[in-house]
Amino acid sequence: MIFHLVTYLFDTVDSLSFLRLFQYLSFRAICAALTGFGVTLLFGQRIIRLLYVNNVRDNPRTHGVTSSDSKAGTPLMGGLLIIASIFASVLLWSDLLNRFTIIFLLALVWFSLFGFIDDYRKIRYRDSDRGLSQATKLFFQATFGLAFGLIFLVPGLSPVPAGIASELYLPFVKDPVLDLGWWYLPFIAFVVVAIANAVNFADGLDGLSIVPVSFTVVVYGVFAYVVGNAIYSGYLQFTYLPGSGELTVICAGVFGACLGFLWYNAYPAQVFMGDVGALPLGGIVGTLAVLLKQEFLFVITGGIFVAMAFSVLVQEKIGIKWLGRRIFYMAPLHHAFQYRGLAETKVVIRFWIIAGILAIIGLSTLKIR
Amino acid sequence: MSQTTSQQDTERQPGEAAPKVSATTPGDAPAGTGRPLTYMFTGGGTGGHVYPALAIADEVRSRNPEARIVYVGARDRMEATLVPKRGYPIHLVYARGLPTGRRPFALLRFAFCTGFGVLQSLFHLLRHRPRMIVATGGYASSPVLLAHWLLKSLRLSSSRRCFVHEQNAVPGKVNRLAGRIADRIGVSFEASLGYFPAEKATWAGYPVRREIGAVSRADARVSQGLPAGAKVVFAFGASSGARSINRGVVDALPRLLARPDIHVIHVIGQTRSPDYNAESDTRDRLDGLDLTDEPLSRYHQSDYSHEIETLYAASDLVIGRSSAGVVTEIGICGIPSILVPLPYAPGDHQAVNARTLESRGAAVVLYESISVENGQTIGVVDGARLAGMALEMLDDPARHDAMSRRARETFDRGGLDRIVDQLDQMLTERPSDRVLSNGRPEEPDVTGRAVPPASALSPFALVRRFAKGPDQAFIESVGEDYLKYRVDGYLKSTAWQIRNEGVKLVGLLGYRDRLPFVLSLLRDKTPAPLLQRLFGGDYQQVGFIRRNAVTTIEQLGVYDESVRTRLLDLLTDPYYEVRSAAARAFAALAPETADTDGEALSGLRGLLRESSFEIRSAAILALGRMGDGAVAEWLRPFYQDPNWKVRQAVIDALTDLVRRNLIDDLDGLGEELDGILVTSNHFDPDFPIKRTLNRLTGMIRGHQEAP
């Protein structure tokens with residue numbers, strides 16, 4: 001909204017020409033990041049207290065004894081904090097009429113809604129098994145994926161120029177490898193569902209998912225800056241996507257919100273994000289990947305998430321359900337490391353390191369093509 | 001195949017008793033006074049559904065010789081031979097039971113068959129235009145019921161009535177569905193009223209043939225050549241799975257025949273399958289008993305009996321299966337019985353039938369247990385126990401009389417009359433008339449048990465319940481024998497997921513007598529299907545089953561040579577969890593004091609080279625528990641193991657050795673300890689504020705309890 005206000009003032013009042021600054025993506029991105037971070041810091045303590053008092057807790061305590069060596073009883077639904085600050089920074093700093101922004105906001109709202117329902121049910125019935133079933137979640141995710149795919153592929157609605165929308169790009173390859181046509185629709189749905197689930201699996205230890213998510217978002221932010229800029233995209237030989245630069249501002253906002261959440265979520269956590277956080281984060285990363293036409297980049301930068309999802313799939317579906325044996329000690333992967341005797345902090349920080357390295361490799365695909 | 005040809009192929013000419021008019025002018029008579037009343041009977045698939053239908057049909061015909069009776073049944077099943085033999089025309093239609101499990105192809109075939117059967121039945125319904133449909137359950141009755149329902153919902157058969165009879169305490173799938181379609185449902189056991197809409201269901205009893213119970217005891221004994229004062233035990237299995245009963249009865253003979261006044265009548269059945277030949281198997285077993293001629297003269301064996309009513313009348317005690325028909329027949333004759341339910345009949349209804357009778361004090365139940373023979377799991381009846389139960393009942397006249405009385409009270413022979421009365425009434429009443437009486441008042445339950453809901457007895461529910469610890473109240477409410485019988489059923493299951501729960505339950509419930517079976521599972525190295533092996537599967541008894549079997553052995557706490565050999569073998573199992581579980585079981589079970597077991601130690605030592613930390617630490621702990629002083633030497637290379645859990649196991653093992661005074665050079669060991677890497681990747685968090693809060697909570701509780 002600040003963006004729109006400033007643009008209006010800048011156009012009408014000559015003396016305010018210094019406000020031109022607010023038109024620059026880089027400046028707005030920095031502001032968005034700071035806003036995201038600031039909002040979480042400002043409201044974090046209050047929201048956490050509110051959640052705790054209203055018994056929005058993991059494993060609620062009922063006048064009983066709590067185990068002094070576990071985090072049982074930590075407030076849940078910290079994701080609300082993340083969502084709120086992302087909203088704040090996006091509404092303030094980005095161009096709300098941009099189609100990329102609109103689609104992003106739709107994704108955020110949709111995934112937040114059913115993430116909230118999921119968490120709400122868990123707390124209401126005091127049973128972590130009473131949330132939405134896996135099938136229901138898949139249904140919601142796929143519904144969004146298909147709707148998003150439709151918008152993306154219909155020329156009049158798509159934020160991407162016609163002819164580019166349905167082309168498939170790979171990292172390290174300059175030109176699109178093939179044009180999927182309408183087959184791109186199921187592909188989009190698959191990408192959104194897969195990424196959303198993968199991020200969701202990673203939400204198991206304090207700070208484990210939030211940092212890799214923020215790395216991934218930064219990488220996508222940089223890509224958005226490049227492909228949204230006619231000169232840079234020409235120089236690095238990307239297909240120019242007019243308007244996609246706006247996603248840089250958004251990514252910065254998400255990054256700020258993630259850092260702010262880490263403030264409270266770092267070990268030992270004061271709050272867990274819950275599905276209301278994990279689902280929207282996964283959903284928006286998936287949406288970003290599709291919007292920027294960098295779906296396969298996620299396999300690199302989000303390698304951590306991919307590995308976790310893969311381990312769960314192999315362990316559950318092939319091992320436990322079919323073969324009647326374990327294939328890994330435990331799944332998702334981080335629990336396997338814990339099982340081997342690594343302390344939680346150790347596992348988390350090592351995963352951050354790997355996520356950082358993967359992010360750097362992901363960034364290198366900007367140039368190595 | 002077109003419907004017309006199928007009809008011509010399959011319609012049998014009615015016997016001499018059937019009214020001529022129906023055979024010559026089927027279906028073309030106008031609805032009115034001149035038209036004979038047509039009954040369409042349907043039901044079958046197995047004999048248990050056909051006999052009651054025939055009994056009802058006989059009664060209908062004896063009351064109204066003008067009535068036309070047609071039967072619709074499934075192709076190639078019992079009814080195809082039984083019904084024409086009784087002199088009724090039968091039309092055979094396609095029908096098929098609902099396949100178990102998720103097999104899409106079988107499901108498709110089922111849908112196709114049933115759909116075609118419904119079309120055929122529609123044709124027969126429209127042709128014969130019966131006023132009354134009598135269905136006795138079984139999948140053979142589903143096409144007719146569905147066709148009737150179709151016509152009814154199209155309002156094409158408003159004057160047609162449909163009566164369904166349920167024989168068993170647990171209704172079959174078809175009859176549960178039929179509850180919605182039928183106008184009336186008659187049940188044999190009040191226990192099953194709950195499965196049907198209250199305004200339609202009524203207790204009717206089982207339609208027993210008139211001959212049953214009509215023979216006097218004295219006449220029966222004379223005709224069978226039995227002395228009037230003898231105590232007669234009559235044993236018979238059904239045609240299916242009589243093996244367990246036959247063998248159990250033979251095993252019980254020495255004790256039974258040791259009494260000079262006991263005679264045993266044994267109908268062994270005519271099973272001649274490659275698995276089991278009733279005649280030769282029984283003869284072999286009998287030869288092994290070494291009985292002299294005198295007792296054997298009181299053992300009367302036959303392979304089939306045409307006059308079962310006479311045998312009932314002659315006997316003092318019946319040993320048999322607990323199908324609804326048998327149970328009712330025994331009950332009407334007032335004979336106490338030992339019932340051996342056919343395991344896992346649909347809905348486990350034989351067990352429920354038997355338990356219902358037991359709860360009335362009219363019978364006792366003996367459940368089959370399981371054993372492995374030639375690699376096959378078979379049911380076994382414990383002969384000694386059978387003999388003990390039989391003698392107990394025969395020796396206690398007061399109890400015998402009470403059971404006889406309770407049996408008679410539970411069953412009466414009015415079932416047939418009530419059902420046919422009901423049919424007559426349905427034909428005269430208006431559709432809105434409702435059943436007023438809804439069964440008999442609740443009978444007292446002498447065992448004080450309630451049958452728990454089936455969901456509480458699912459293998460997964462049972463494991464969940466007993467994982468928390470023994471639940472004696474629950475075991476008693478279910479009945480210990482029955483629970484064991486359920487667990488046996490799980491162990492026999494072909495689905496490994498169920499078998500796996502069965503194995504867990506053996507350990508959780510402490511069934512030591514199932515140890516040989518658990519060991520046989522571990523011995524079974526039948527490979528898994530190729531596709532599974534490609535993905536890392538190994539044996540048919542999957543990794544989880546083997547791992548849980550080892551844990552179960554540990555829980556049973558038995559350590560003998562058979563267990564030891566098995567555990568030794570498992571130290572080289574292809575699945576890592578089994579190897580570590582076997583090492584743990586050694587540590588838990590092997591006696592500390594006995595001579596060191598060199599074979600086990602070298603087996604465990606072999607595990608020290610494993611890449612899995614879990615196996616290394618389990619092996620190290622076991623070595624500390626079982627080994628001698630020399631073991632300390634083997635542990636030295638692990639002082640610097642990369643995994644702290646392994647290093648911790650080394651320390652634990654050394655502690656064990658020191659405790660058992662097996663280390664000679666304690667000073668040397670003390671110095672060596674400095675070489676153990678104690679920097680660790682792990683720590684346990686501690687939240688002081690929670691600890692303090694707990695102290696306060698504890699104090700408050702203490703105060704609350706004090707005054």
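Predicted model: local features only at pLDDT ≥ 70, side-chain atom pairs only at ≥ 80, totals over all residues.
How far does helix α4 (residues 99-124) of chain A reach from its first C-alpha to its last?

View 1. With 26 residues, α4(A) reaches 37 Å from its first C-alpha to its last. That is close to the 38 Å expected at 1.5 Å a residue.

**View 2. Where chain B touches chain A.** Here 27 residues of chain B are in contact with 17 residues of chain A. On the chain B side, the elements that give two or more residues are α24 (543-556), α30 (644-659) and α32 (688-705). The largest share comes from α32(B), with 5 residues. Sorted by class, this side of chain B has 12 nonpolar, 9 polar and 6 charged residues.

**View 3. A hairpin in chain B.** Strands β14 (residues 369-373) and β15 (residues 376-380) of chain B run antiparallel and are joined by 5 bridges. Look for E373(B) in this view: Q376(B) in β15(B) stands opposite. Between β14(B) and β15(B) there are 2 residues. N374(B), in the turn, has a positive phi of about 50 degrees.

**View 4. The domains of chain B.** The domain assignment gives chain B domain 1 (3-203), domain 2 (217-411) and domain 3 (454-675).

Technical notes:
Residues numbered from 1 in each chain as written. Chains lettered and ligands numbered in written order. Contact = placed C-beta atoms within 7 Å. Helix = DSSP H or I, 4+ residues; strand = E, 2+ residues; numbered from the N terminus. Nonpolar A, V, L, I, M, F, W, Y, C, P; charged D, E, K, R; others polar. Domains from an automatic or database assignment. Expected span 1.5 Å × (residues − 1). Pairing = 2+ DSSP bridges.
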